[in-house]
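Hi,

Here is the structure I promised to pass on. Have a look at it first, and then read on for what turned up in it.

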Amino acid sequence: MTDEEVVRLIQNGDKEKFGEIVERYQEKLFWYVKGVINQNNEEVEDVVQEVFLSSYENILSFDCNKKFSSWIYRIAHNKAIDTFKKKRVKKESIEDYDEFFGNDDKLLEELQIDKEKEESVEKAINKLELKYKEVVRLYYFDQKSYDEISDILRIPTGNVGVLLFRAKSILKKELKKYG
Amino acid sequence: MDKNIRKEILRKIKNEEVAMKPKWWFVLKESLLRGGWIVLFLTGVLLMSLTVYFVKRLNPTELWEFGSLGAEVFIQDFPYWFVAGVIIIFLSNVMLLSKIGENYKRNIRILGAWVAVLTIVLTIVFSLISR
C-alpha cells in the first residue's frame, strides 16, 4: 500500500493507520531533523514527535494526488527550522557516522573522496550554511529528486540545482583544508 | 532512534489530545489567502491610478516651460507617498502570490514581472474607462 493510500484511509476515519505512517517515517525524519538541527537524540525525537502530531492535525489538507513524503518532509523542515532558530546549532558533530551516511556513497564519489574520509565530509557538511546543508542532506542522504526538494523547501526547481552546485564547491574547498 | 514514538502518538490520538483540523478550515485559509491577494492587487491598481492622476494634475510639460522654478514645484508637489505605497503594495503582492498554490516553483522575478504588467495594463484600462 502506498503512503497516499494509507493517508486516504486515515482521512476517511481509520485513525489507527497513522501508526503505519509513523513507522514508515520515524527513522527517515529522525536523521533529516538531526542533520538540520544537530542536537542530541532526545531533542531530535521531540521534534520528530511534533512533526507527526502536526501532520496528523493537518492531514485533511493533504491532497492524495500529490506525494506524501514531500508533504511530511515540508512539515519536518518547518519544525526543524523553528527549533534551529530557537536553539542555534551546537558546534559539535553528529555521532554515528555510518547511520548518518547510510549506504549512500554518491556524494563521496562526486567529491572524489575516499570512504575513510567520511568523517571529514560530515564535519564539512555541518559547517555549511543551513540552506546548503539541507539540500545536500535531502539529495544525497534522503535520495529526493530536485522536484521533491523544490516541494519541501518551497523554492524553484532550478534553485535546487544551483544550491547543490554551490554546496559541492564549498565542500570541495573545505575538504582541501582537511587534506 | 532510541524510543518508538508510535505508541505515544497513537495514545494521544486515541485520548483525543490531538485532533484533525476540519477540511473547511483549510478551504477557508486558502480562500482568505487568494481573496487577500485580489484585494491587495486591486489596492495596488488603485494607488497606481491615483499616482498617475496626481502626476498628470501637476502637468509636468507645462512646468517644464518655467525652467528651474517649474522643476522645484514638480519636486515639491510630486506624490511621493503614493509612489512609496505602490512599491510597498507591489512587493507585498509578489510575496503573497509566491505563497499561493505551487507558485513557489516559479521564479520570483517572473512573478514580479507578471504582477507589474497586470497592474500597468489594468491601470491603463481603468484610466481609459474613466475618461
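One definition before the details: two residues are in contact here if their C-beta atoms, placed from the backbone, lie within 7 Å. Please also keep in mind that this is a predicted model.

Let's begin inside chain A. How many residues of domain 1 of chain A are in contact with domain 2 of chain A? There are 12, and they meet 12 residues of domain 2 of chain A. On the domain 1 side, the elements that give two or more residues are helix 2 (18-37) and helix 4 (68-87) of chain A. If you sort that side of domain 1 of chain A by class, you get five nonpolar, four polar and three charged residues.

Helix 4 of chain A has another partner, helix 3 (residues 41-57) of chain A. These two pack with their axes 9 Å apart, at an angle of about 135 degrees. That angle makes helix 3 of chain A oblique to helix 4 of chain A, and the crossing is right-handed. If you want to find the spot on screen, look for V47(A), E50(A), V51(A), S54(A) and S55(A) in helix 3 of chain A. They meet I72(A), I75(A), A76(A), K79(A), A80(A) and T83(A) in helix 4 of chain A. This contact between helix 3 and helix 4 of chain A has six nonpolar, three polar and two charged residues.

Now for chain B. It has six helices and zero strands, so to speak α-α-α-α-α-α from the N terminus on. Its C-alpha atoms fill a box of roughly 80 × 35 × 25 Å along the principal axes. The radius of gyration of chain B is 24 Å, whereas a compact globule of 131 residues would have one near 14 Å.

Within chain B, have a look at helix 2 and helix 6 (residues 108-129). Their axes come within 9 Å and cross at roughly 60 degrees, which makes helix 2 of chain B oblique to helix 6 of chain B. The crossing of these two helices is right-handed. Helix 2 of chain B brings G44(B), V45(B), M48(B), S49(B) and V52(B) to the contact, and helix 6 of chain B brings T119(B), L122(B), T123(B), F126(B) and S127(B). By class, the residues of this contact in chain B are five nonpolar, five polar and no charged.

Finally, the two chains together. Which chain gives 25 residues to the contact between them, and which gives 20? Chain A gives the 25 and chain B the 20. On the chain B side, helix 1 (5-14) and helix 2 (23-58) of chain B are the elements that give two or more residues. The largest share of that side comes from helix 1 of chain B, with seven residues. In classes, the side of chain B that touches chain A has 10 nonpolar, one polar and nine charged residues.

Helix 1 of chain B also pairs up with helix 2 of chain A. The axes of these two helices come within 9 Å and cross at roughly 150 degrees. How does helix 2 of chain A run relative to helix 1 of chain B, roughly parallel or roughly antiparallel? Angles over 145 degrees count as roughly antiparallel, so that is how helix 2 of chain A lies to helix 1 of chain B. The crossing of helix 2 of chain A and helix 1 of chain B is right-handed. From helix 2 of chain A, the contact uses F18(A), G19(A), V22(A), E23(A) and Q26(A). From helix 1 of chain B come I5(B), R6(B), I9(B), L10(B) and I13(B). Six nonpolar, two polar and two charged residues make up this contact of helix 2 of chain A with helix 1 of chain B.

Cheers

Note on methods: Residues are numbered from 1 along each chain as its sequence is written. Chains are lettered from A and ligands numbered from 1 in the order in which they are written. This is a predicted model: local features need pLDDT of at least 70, side-chain atom pairs count only at pLDDT 80 or more; totals for chains, interfaces and linings use all residues. Helices (H or I, at least four residues) and strands (E, at least two) are DSSP runs, numbered from the N terminus. Ala, Val, Leu, Ile, Met, Phe, Trp, Tyr, Cys and Pro count as nonpolar, Asp, Glu, Lys and Arg as charged, and the others, Gly among them, as polar. Axes are lines fitted to C-alpha atoms, for helices over the stretch in contact, and angles run from 0 to 180 degrees between N-to-C directions. Angles under 35 degrees count as roughly parallel, over 145 as roughly antiparallel, 65 to 115 as roughly perpendicular and the rest as oblique. A crossing is left-handed if the near helix is turned anticlockwise from the far one by less than a right angle, and right-handed if clockwise. The radius of gyration is taken over C-alpha atoms; the globule rule is 2.2 Å times the number of residues to the power 0.38.
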